[in-house]
Amino acid sequence: MGLPILSTIIGMPILGIGALLLIRDTRLIKWLSIIICGFELLFSIMLIHFFDSSTHEMQFRESYEWVPMLNMRIALGVDGISILFVFLTALVSFICVLASWNAINHRIKEFMITILTMHTAMTGVFCSLDFILFFLFWEAMLIPMYLIIGIWGGEQRVYAAFKFFIYTLTGSLLFLVGIIVLYFAGGNTFDILALSEVNYSFNIQIWVFLLFFIGFAIKVPMFPFHTWLPDAHVQAPTAGSIILAGVLLKMGAYGFLRFSLPMLPDASQYFSQEILVLSLIAIIYGGYLALAQDDLKKLVAYSSISHMGVVTLGIFVFNLQALEGAILQMFNHGITTSALFLFVGLIYERTHTRSIAAYGGLMKIMPIYTTFFALFTLASMALPGTSSFIGELLVLAGTFVNHIWIAALAVIGAMLSAAYLLSMFKRVALGEITNSKLRDLKDINPREFTAIIPLAIFVIWIGFYPSPFLKIMHSSVENLLQQTSQTRPKQIPPQTLPKEHILSGVVPQ
Amino acid sequence: MNLPNNEIAVIDVDAILQSMMASLPEIVLLLAACTLIMIDLICKGRRVELIAGLSILTILVVAALTLGLALHTTFGTDPVYNHMFIADPFSVFFKILFYIATIISILFSGNYLKNEGQFLSEYFIILLFALCGMMIMASATDLISVYVGLELLALSLYVLTGFLKHNERSNESALKYLILSAVATCLMLYGVSLFYGLTGTTQLGKIAAILDGSNASTDSAYVLASLFLIAGFAFKIAAVPFHMWAPDVYEGAPTPITAFMSVAPKAAGFAVLLRIFNQALPQLSDIWLPVLATIALASLTIGSLVALVQTNIKRLLAYSSIAHAGFALLGLVAGGESGTASVMLYLLIYAFMNLGIFAVVIAMQKAQGRGELIEDFTGLSKQHPVIALLMLLFLFSLTGIPPTAGFMAKLYIILALVNSGYILLAVAAVLFSAIAAFFYLRIVMLMYMREPNQNIELHLSPGFRFSLAVTGIATLGVGLMPRWFFEMVSVSVF
């Protein structure tokens, strides 16, 4: 294709920022931002439309000179894994702008600029094929995110913003050292694809894996590096929480998929037991913590830790089902958790409280809101027929093959998530109206509805018909698995548990 | 220096001409500075603005000369003045850095001096002498000529730090600087004399030749001599444990001079360090490498940790500059061409971002040192969004967050470190720079996340706007398009 579509997607928000700087009228600023995000969404749909899912090769590649002396290039491209997240990013940004329409009432221009900057950086992360370019986007995200939490956040926003920044910065810098070690070990190149082809010595792999692991584990976040997350989520404005949960948390897992597994296969195998245990702890511990929360946002935040545990579990059992499940689950979690944060934000805008105890009987006041809220709550707890079910099922099925005990224990997490989500829904939406202030709340308006609908579509679509999504990523995942498992002792032939077989019981015919 | 042997000294006209051509920028600069003194006398000190303008013009002319000589002839290859001076690409790089720093310092000095009632032409002329001292340091290939440049610089700086005659703090800082700097110079001279005693020469090239192949690094006399040299230079670049003077002097000195000192003389100190340790003493690396590595880590640690509790922005930046000196020293520890190049890139980028941040600090200052608390930045973004945004850019650059220049600087140092196999050192360095992020973020927090509690007035002259624009564009530009800068430093390595 003649149009450099990836650099268009990455560059357009920056041009938009230039235009925003010249505008004073806040209505115009909002409209321009939503138009830019709309176009971004359109472009990423086009991207998927033109994507050839039969190959694992990088597509829509672009490559420009950057610093030839150090072999740094501006290299872009997407494969079946990253294209999903490019789309997710566009969707999440679009929803963020809609969600902030009235919620953000001061410094609107600055807010839209930071959201668009975030969008550029996030898309850049998923498209970069050069390590330094990747790191540049990865790290540059910290600045707008720090500002989003710190300027537009809640009471404790400054503390949360600092904690988020310092935590992530520390991890990222260690990750940078790892990148540079690989640069020299892999023959003086930052080319991600070339570095994935090299066989590194076991010693180097171990070191680099540890450096990478800290960086990614903080982003995911995995237990015990998760403590920044509840603070950041609770204090961030709705849009900030949505971006954090929807895209940022996926980046750690994406890092594992894109770098740790293909580049450091032996070390990944070597550490897989430990990581599985950490994932399991995250699943169960996160679930228990969520059970104890009264703050709606905190509850969703801890549930994220638990759900991301499922993702890392799926990544490190090294088989096709689990891996595809993990990637699908990343996408699903981006949708459902964004939706839950959006719903918390919607109700918070009206009542200015996030305490579960302050609610009750919302069903009678805001029926449309509650219906959709129920949909996303059920999706988050992986009810059959919703997107998360497919993801979690694939992960657990894959895990059962290799690690039966870990899978058995991970099921506890699924039970816990049913417990805390249903009890939250019951206390918020069902029962009598206990708080008289709730009586004159308005149900959702068309703008809010616009934000909700795409999320709901994906929840149901993936829930009932996941194969298009699995098909997009399939050959890339197969290739990834092949890169990872060259020295793997035990490999499950795909025919023992064919994907169709698993899904046949799930998908209503 | 080469003491005459039994040879009969012959006047070699060619060599003298050659030497004069190579040092033409320095000669022109000195002559111009002396002329400016006379112009000032004729004008009876009333045409200060003219003198400031002429100083900038002088520097531009000298810069043109430097570049012309560097591009045009082969002076760069051979040392002149009997092996005491060289105009190689390495020195040209540093000289350009000094020119930029000095011009920007002059540009943002005017308003400040007027506020303080000390708008005098000596100030600009002495800055020119300081510049000349730094240029000699960058070009020196003999311990004696290093010393000459160093003293010319130091004497000028004593006067400049105490330039606010009626301000106690300024006087105190000048005195402190004078005494401590004299002690450090003595230490260094002692080291020089030991080297002369041990090797019979002060020429860097000859020292290297004599040490080559010997096992001098086990000789305790060489250990002592190296330690004295290191102590002297560690003082000049304000590295731990010889950093104590920096916060007091930085706080007391006129702010434009603080900005200047944190950038240019520090770079000059690094130029000399790089040349001496890489060219004269590579054989002694067993002695100085661990010492410098320790100093670097200690500077990073102490600079970052102590900066956390500062309330005065100038003191904070003093500690931050200590930490940055530590980071740059790591490049010297890494060694090799990439190590040297990484230090050079770091210093250049640091010059841009630090001058930028000081420009904002100076703009914030009112007379008599008010407006230099960190708290004074509260709510800046509400009242002056553009200035706050620039400040944000400089702060994140100092933290080392892409896409700013500070990231590229750190990246290159870490590359050099890993290339030489110091992975743990690289890990330690990045961890400390994460701590340093904390106090830079605090300023961002005050500017953006607090409501203003007072009306902030900024004094923005055209010169100011110009220097802010230059440093801002450089800080972002080098971060996004670093290619040319990487190539420039790699061809400038000696």
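## Overall build

Chain A has a radius of gyration of 22 Å, which agrees with the value near 23 Å that a compact globule of 509 residues would have. Keep in mind that this is a predicted model.

As for what chain A is built from, the count is 21 helices and two strands. Buried residues account for 60% of the 509 in this chain. Take the contacts in chain A between residues at least 6 apart in sequence: 81% of them link residues at least 24 apart.

Now have a look at α11 of chain A, which runs over residues 238–263. From first C-alpha to last, this 26-residue helix reaches 36 Å, close to the expected 38 Å. α11(A) does have a kink, though, of about 35 degrees and centred on A:Leu244.

Is α11(A) mostly covered or mostly open? It's mostly covered, with 26 of its 26 residues buried.

## Where chain A meets chain B

The contact draws 27 residues from chain A and 26 from chain B. On the chain A side, the elements giving two or more residues are β1 (59–67), α5 (131–140), α6 (142–152) and α7 (157–185). Of these, α7(A) gives the most, with 14 residues.

What kinds of residues does chain A bring to this side, by class? There are 23 nonpolar residues, along with two polar and two charged ones.

Conventions
Residues are numbered from 1 along each chain as its sequence is written. Chains are lettered from A and ligands numbered from 1 in the order in which they are written. This is a predicted model: local features need pLDDT of at least 70, side-chain atom pairs count only at pLDDT 80 or more; totals for chains, interfaces and linings use all residues. Two residues are in contact if their C-beta atoms, placed from the backbone, lie within 7 Å. Helices (H or I, at least four residues) and strands (E, at least two) are DSSP runs, numbered from the N terminus. Ala, Val, Leu, Ile, Met, Phe, Trp, Tyr, Cys and Pro count as nonpolar, Asp, Glu, Lys and Arg as charged, and the others, Gly among them, as polar. The expected span of a helix is 1.5 Å times one less than its number of residues. The bend at a residue is the angle between axes fitted to the seven residues ending there and the seven starting there. A residue is buried if 20 or more other C-beta atoms lie within 10 Å of its own, exposed if 12 or fewer, and partly exposed in between; C-beta atoms are placed from the backbone. The radius of gyration is taken over C-alpha atoms; the globule rule is 2.2 Å times the number of residues to the power 0.38.
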